[in-house]
Amino acid sequence: MNKDARPLRDLDEWEEDLLRRYPDPSAAGDRQAGEAPVAEAIAAGGGGKQTGAFRDYGDSAPARVRDFYRLNHRYQTVDFVRQQRRKYLALEQRRMSVWEALEFLNTLVDESDPDTELSQIEHLLQTAEAIRADGHPRWFILTGLIHDLGKILCLFGEPQWAVVGDTFPVGCAFSDRVVFAEFFRENPDWNDSRYRSECGIYSPAGGLDQVLMSWGHDEYLYHVVRDHLPDEALYMIRYHSFYAAHREGAYRHLMDERDERLFRWVRAFNPYDLYTKSHRAPDVAGLRPYYQELIDEFFPQELCW
Ligand SMILES: [Fe+2]
Ligand SMILES: [Fe+2]
């Protein structure tokens, strides 16, 4: 398969598919403001125990999603991740305010149906508004607003498999609790003796900060905002697609006590990411003043991207 193929209809198709893998436990879908049973259940560690459902998921996933994961698992190698980090972590692509980045992300045109699909800004506002309605701290609301801004990597020409999808460590054995783990056999690192052991190039319980994660929108945005938000927010941003860890409990052997503590927040964030999308469009212009003030409270006028 062509490395630059775009198997997904659009980037959101990956997130829509996550809902099939991790259905909303509150079932009815439309959560009411002030009600947070899902967040609590997941924060307590009860979110990822349906291994049967997880296994069934693989067989029923649409071909486009399978093709997407095949590319992602094949090409996310230690060398690729190091190359992307050299390319992007100097943060020399452009300078933009947070709101400019939101508008830039909104220019991502894809083949989704413009009549029924919400724009990227609308999705991010839905996430932030749900967090706000539950009375969470201001930095948490802001995290909801910005957590997917790293998807602008797509606008820099990166293929889908290097922007979205579940993330996982490279440089050590791939866990079979990563979705479509069978595709890792096509990854050149699979047979590399340096990376085959459980901890690979890392020390046991040495903390995730030492670990190279597969490259995507999470890691990129973390580096853009790392000087401006509390650790809890930075963990939500950096690891929100690390489903093998925050939903399936894998890779604990790499984590230290700080990771364990802060992953509670990653789990608290996840339901807002997955279960707040509705077809009711938020009033972007009406909400703008509130969010601009929130952005100004934490961020300088311009950020380096
Ligand atoms: Fe995301
Ligand atoms: Fe998201």
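A nonpolar core, as the term is used here, is a set of buried Ala, Val, Leu, Ile, Met, Phe, Trp, Tyr and Cys residues joined through C-beta atoms within 7 Å. In this predicted model, the largest such core has 76 residues. Select Leu-145, Tyr-235 and Ala-244, which have the most contacts inside that core. The largest share of the core, eight residues, comes from α12. In general, nonpolar side chains in soluble globular proteins tend to be buried together.

Next, show the whole protein chain as a cartoon. The chain has 13 helices and two strands. Of its 305 residues, 42% are buried. Among contacts with a separation of 6 or more, 80% are between residues 24 or more positions apart.

Now select residues 257-274, which form helix α12. This helix has 18 residues and reaches 27 Å from its first C-alpha to its last, close to the expected 26 Å. Look along α12 for a kink of about 25 degrees, centred on Phe-263. Is α12 largely enclosed or largely open? It is largely enclosed by the rest of the structure, because 13 of its 18 residues are buried.

Go back to Tyr-235 and display its contacts. Leaving aside neighbours within four places in sequence, Tyr-235 is in contact with Leu-262, Phe-263, Trp-265 and Val-266.

Finish at Ala-268, also in helix α12. Ala-268 counts as buried because 23 other C-beta atoms lie within 10 Å, and the cut-off is 20 or more.

Key
Residues are numbered from 1 along each chain as its sequence is written. Chains are lettered from A and ligands numbered from 1 in the order in which they are written. This is a predicted model: local features need pLDDT of at least 70, side-chain atom pairs count only at pLDDT 80 or more; totals for chains, interfaces and linings use all residues. Helices (H or I, at least four residues) and strands (E, at least two) are DSSP runs, numbered from the N terminus. The expected span of a helix is 1.5 Å times one less than its number of residues. The bend at a residue is the angle between axes fitted to the seven residues ending there and the seven starting there. A residue is buried if 20 or more other C-beta atoms lie within 10 Å of its own, exposed if 12 or fewer, and partly exposed in between; C-beta atoms are placed from the backbone. Two residues are in contact if their C-beta atoms, placed from the backbone, lie within 7 Å.
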